[in-house]
Amino acid sequence: VHEFWNTQPVPKSTEVVKKDGPLHPPLSPEQIPKEPFALPSDQMEWCVVDVEKEEEMKELYLLLTENYVEDADSIFRFNYSAEFLSWALKSPGFQKNWHVGVRDVSSKQLIAFISGIPMEMMVRDKTMTMAEINFLCLHKSLRGQRMTPLLIKEVTRRIHQQGIFQAVYTVGRLLPKPVATCRYFHRSLNPKKLMETGFSQKLDALQLSKLNNMLRLPSKTSTPGLRLMRKGDVGQVRKLLNRFLKNRYEMMPVFRTDAEISHWFMPRDKVIWTYVVDDQEHPGKISDFFSFYSLASTALKSETRLKGVKNPPPITGRGVSKHKSIDAAYLFYYGTRTDYNVVLTDEEKKACDSVKKEKALLKKKTDELIKQRLVEIIGDALVLAKEADFDVVNCVDMMDNSLFTQDLKFGPGDGYLRYYLFNYMARPIEAKKVGFVML
Ligand code: EN5
């Protein structure tokens, strides 16, 4: 088991991590191979997928659309759009050659991919530059040939060449050894379509109409001063977000520049939505913000898709759907200043007989206020996502999401998201202490 992972700088599945730190020190240039790893066949060649070339992004889009991550029952497959991929891969400081592809030599078809982007990560009290690894994908016809270890080793080599020795990645499956495990939650906006695609349970007409009533949302948002983020908000959002993340979580990115905030948060059509709350009492001052991104999933058992397929896959209990895909909004980062001015009253202090109790009470008070605020602003995110015609809002139980998922009628999904660190051992982090969102 784990023939490959046993050779890599990650904790063993059985290991109990007690202290945080790297597994190996930085490598010297001589220790880093100069040449790419050999591919298993001369019919394959390494390439760089150029994110500046629309044509190449289209090829990557096609590879992922047909071969990327599916749910456990293969009813859906992620369908990242080409515009989304170019946003995800072109972040400030990106390295061209960390967008690693493999092509078929004769047809030039793109048959495999893995990407890294650089980022600053804080794990408890340590800040490190890491590579954020994503979009590992192998054409279905190439599975079972031990190609994945090669892709991982090759991108690792290129990252090492830049003097970076840590990485972070998320996977649905269990590998050695997660630093955190999160569960997916879903908030239905279009119950009928979700049911018809096999995303949610089958219901009869009466149950469906009851559910529709239960899930009804206001037609307008409720937070005064809520508006789309603008260029002029970038600096404030950066301060607010970094401070919020550092105050509340144990693993989070550090946004060093306004350029990064601008890249990740300025609204982009059909890709990323960011709303800020312009404080009514101090106009121009941003008190909160939230963001969500668009990621559709192809419905693999839709009628449209099965048409023209010679041997359609057997259709199980969930049935064939008339929809091609479901449009999901995923919660991205948010932040609030709600916690800034929380203090204990003299009376509350008197009721505590130790510093420890005071701290606990302060935390409880802060969490209550943050909960109220998040229910309000993420409630507005639901209204906006509905208005933008999304079918469902997804998130995992990371950050302070558990403070609002129940009230806002999210329910647990069947998927998990596990966080892994490469060459950095860290004591396990609770889901609610994870402050790093991956696309
Ligand atoms: C990239 N770095 O499993 C790696 N999705 O729950 C990413 N389930 O959509 C790794 N099987 O629960 C990603 N419906 C790993 C996740 C892969 C995709 C995945 C899950 C997450 C998912 C759906 C149904 C899928 C079909 C059955 C699900 C229940 C919805 C219901 C709606 C209303 C409230 C309760 C739940």
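Reply: The protein chain contains ten helices and 14 strands, and the model that shows them is predicted. Its C-alpha atoms fill a box of roughly 75 × 60 × 45 Å along the principal axes. A compact globule of 439 residues would have a radius of gyration near 22 Å, and the protein chain has 23 Å, so the two agree. Of the 439 residues, 35% count as buried. Among the contacts with a separation of 6 or more, 77% are made by residues 24 or more positions apart.

The domain assignment gives domain 1 (5–174) and domain 2 (182–433). Their C-alpha centres lie 26 Å apart. The contact takes 42 residues from domain 1 and 39 residues from domain 2. On the side of domain 1 that touches domain 2, β2 (76–79), α2 (82–89), β4 and β6 each supply at least two residues. By class, that side of domain 1 has 24 nonpolar, eleven polar and seven charged residues.

The ligand itself comes next. It is surrounded by 22 residues, and the closest are G172, Y184, G411, G413 and G415. By class, the shell around the ligand has nine nonpolar, ten polar and three charged residues. Three strands, β6 (167–171), β7 (180–188) and β14 (411–422), each supply at least two residues of the shell. Of the contributors, β14 gives the most, with five residues. Both domains take part: the shell draws at least three residues from each of domain 1 (5–174) and domain 2 (182–433). A cis peptide bond joins P176 and K177, with omega about -25°. Most peptide bonds are trans, and most residues other than glycine have a negative phi. K409 is found in the loop between β13 (392–396) and β14. K409 is not a glycine, yet it has a positive phi of about 65°. K409 counts as partly exposed because it has 15 C-beta neighbours inside 10 Å. A positive phi, of about 55°, is also found at H2, which is not a glycine. H2 is placed in the segment before β1 (44–48). With 12 C-beta neighbours inside 10 Å, H2 counts as exposed.

The largest nonpolar core has 107 residues, of which F113, V237, F289, A381, A385 and V434 touch the most other members. Strand β4 (residues 110–123) provides the largest share of this core, nine residues. Setting aside neighbours within four places in sequence, F113 is in contact with V49, L60, L63, V100, G101, F135 and C137.

Two further buried positions may be described. A299 is found in strand β11 (residues 286–299). A299 is buried, with 25 other C-beta atoms within 10 Å. Not counting residues up to four places away in sequence, A299 touches F76, T197, S321, H323, K324, S325 and I326. G198 lies in the loop between α4 (191–196) and α5 (205–215). G198 is likewise buried, with 25 other C-beta atoms within 10 Å. The C-alpha atoms of G198 and P118 are separated by 37 Å, and the two residues are 80 apart along the chain.

Key. Residues are numbered from 1 along each chain as its sequence is written. This is a predicted model: local features need pLDDT of at least 70, side-chain atom pairs count only at pLDDT 80 or more; totals for chains, interfaces and linings use all residues. A residue is near a molecule or strand if its C-beta atom, placed from the backbone, lies within 6 Å of it. Helices (H or I, at least four residues) and strands (E, at least two) are DSSP runs, numbered from the N terminus. Ala, Val, Leu, Ile, Met, Phe, Trp, Tyr, Cys and Pro count as nonpolar, Asp, Glu, Lys and Arg as charged, and the others, Gly among them, as polar. Domain bounds come from an automatic or database domain assignment. A nonpolar core is a set of buried Ala, Val, Leu, Ile, Met, Phe, Trp, Tyr and Cys residues joined through C-beta atoms within 7 Å. A residue is buried if 20 or more other C-beta atoms lie within 10 Å of its own, exposed if 12 or fewer, and partly exposed in between; C-beta atoms are placed from the backbone. Two residues are in contact if their C-beta atoms, placed from the backbone, lie within 7 Å. The radius of gyration is taken over C-alpha atoms; the globule rule is 2.2 Å times the number of residues to the power 0.38.
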